[in-house]
Amino acid sequence: MPVLNRAELSRTGVIFIALLFAICATSAVAREFRAADTQTEDYPTVQALRYMGALIAERTGGRHEIKVFHSRQLGEEKETIEQTRAGAIDLNRTNVALIGNFVPAMNVLAMPFLFRSIEHMQKVLDGPIGSEILGSFEPYGFVGLAFYDSGARSIYNGARPVKSIADLRGLRIRVQQSELMSEMMRSLGAEPVEMPYGQVLAGLANHLIDGAENNWPSFVTTDHYKHAGYLALTEHTMSPEVLVISLKAWSSLSADDQTIFREAAQRSSRFMREKWRDLEEQSQRKAEEAGVTIVRDIDRKPFEDAMAAIYAKAGRDPAAAALIERIRKVE
């Protein structure tokens, strides 16, 4: 055994202590973040969350990882939003209509017939308005990271083709658990039924509801099209999805790691859009091949005019009115 003098012993001890502190510090900040998504494993939003997780693991040298819980494993969207706000769930992908119950600006993005097209919506969200909206989450217990696409939502049912507002009268249509969505459906003459996403298929199959409203992928990947053979291309909302992180989880990150999370989220948004376009085309083709009656020649103006009371109510809030005006002015 070599004999170490006092100086060497001292130097060795200092190195050992430094290494010990480094190991402890690394383990203290290393973490697995839980992310919630109600969609199935192969859905574009779930794929985007996994892509984001891979980017973060790479950029942090494996210190941080994201474990994605898909298919409502952590609960329905309304439940996971509340858990995220409390810090029990770290990241959450949710539709703006549901998180609008907590973050007022989200209700504006969910307004019916607000966006003229998907391109208009993307231009708004990718610009200063989108950045400002994402920055408005913190007072409510969240941090907004990125927007994901959700296509255009249309009305489908199993009773009859819908070509006008009159055809909707008396139909029980499932809507998200959102006061705004219920008001919209009542304005169109239908009876809104607020119901968690995971219960819609059973509701259609058992005739508890006549129909629902959603985008092409959700209509097909959930098998709703098998029980609702009539789809009216109303495209009444183009409300996006939003990815948030709990304020508690965000505060646990260093400034450098916060930058990594934001950049990874933005890259995952672009990744998601590519996957979304492909799935949307596939879903529409599958519905057509299955014999779904698609009503395309709809006069949208009466539908838009029916929203007058909803916009009048929103206009009583100066902040909401100003945001609506700014969005409409984006060319």
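Glu32 has Glu65 in β2 as its bridge partner. That pair belongs to β1 (31-36) and strand β2 (residues 64-69), which pair in the parallel sense over six bridges; strands count as paired if DSSP finds at least two bridges between them. This is a predicted model, where local features need pLDDT of at least 70, side-chain atom pairs count only at pLDDT 80 or more, and totals for chains, interfaces and linings use all residues. Residues are numbered from 1 along each chain as its sequence is written, and side-chain values use heavy atoms, with hydrogens and water left out.

**The whole protein**
- The protein has 15 helices and eleven strands, taken as DSSP runs (helices H or I, at least four residues; strands E, at least two) and numbered from the N terminus.
- Of its 331 residues, 51% count as buried, meaning under 20% relative accessible area with a 1.4 Å probe, protein chains only (over 50% is exposed, and in between is partly exposed).
- The mean pLDDT, the predictor's confidence in each residue from 0 to 100, is 92, and 91% of the residues reach 70 or more.
- Over residues 12-28, though, the pLDDT is below 50, and this stretch has one contact in the model beyond near neighbours in sequence; contact means heavy atoms within 4.5 Å.

**Around β1**
- β1, helix α2 (residues 44-59) and β2 form a right-handed β-α-β unit: with the strands pointing away from the viewer, the path from the first strand over the helix to the second runs clockwise.
- β1 also pairs with β3 in the parallel sense, over two bridges, and Ala36 has Asn92 in β3 as its bridge partner.

**Helix α3**
- Glu77, Thr80, Ile81 and Thr84 are buried in helix α3 (residues 77-86).
- They lie on the same side of α3 because they cover an arc of only 105 degrees around the axis, judged by the directions from the helix axis to the C-beta atoms.
- The buried residues of α3 pack against several elements, including β1, β3 (91-95) and β10 (241-246).
- Just after α3, Gly87 takes a positive phi of about 90 degrees.

**The nonpolar cores**
- A nonpolar core is a set of buried Ala, Val, Leu, Ile, Met, Phe, Trp, Tyr and Cys residues joined through side-chain atoms within 4.5 Å.
- The largest one has 55 residues, and Ile133 and Phe137 are among those that touch the most other members.
- Leaving aside neighbours within four places in sequence, Ile133 is in contact with Ala105, Met106, Leu109, Phe147 and Leu323.
- Another core, of 28 residues, lies apart from it, with Leu91 and Phe261 among them.
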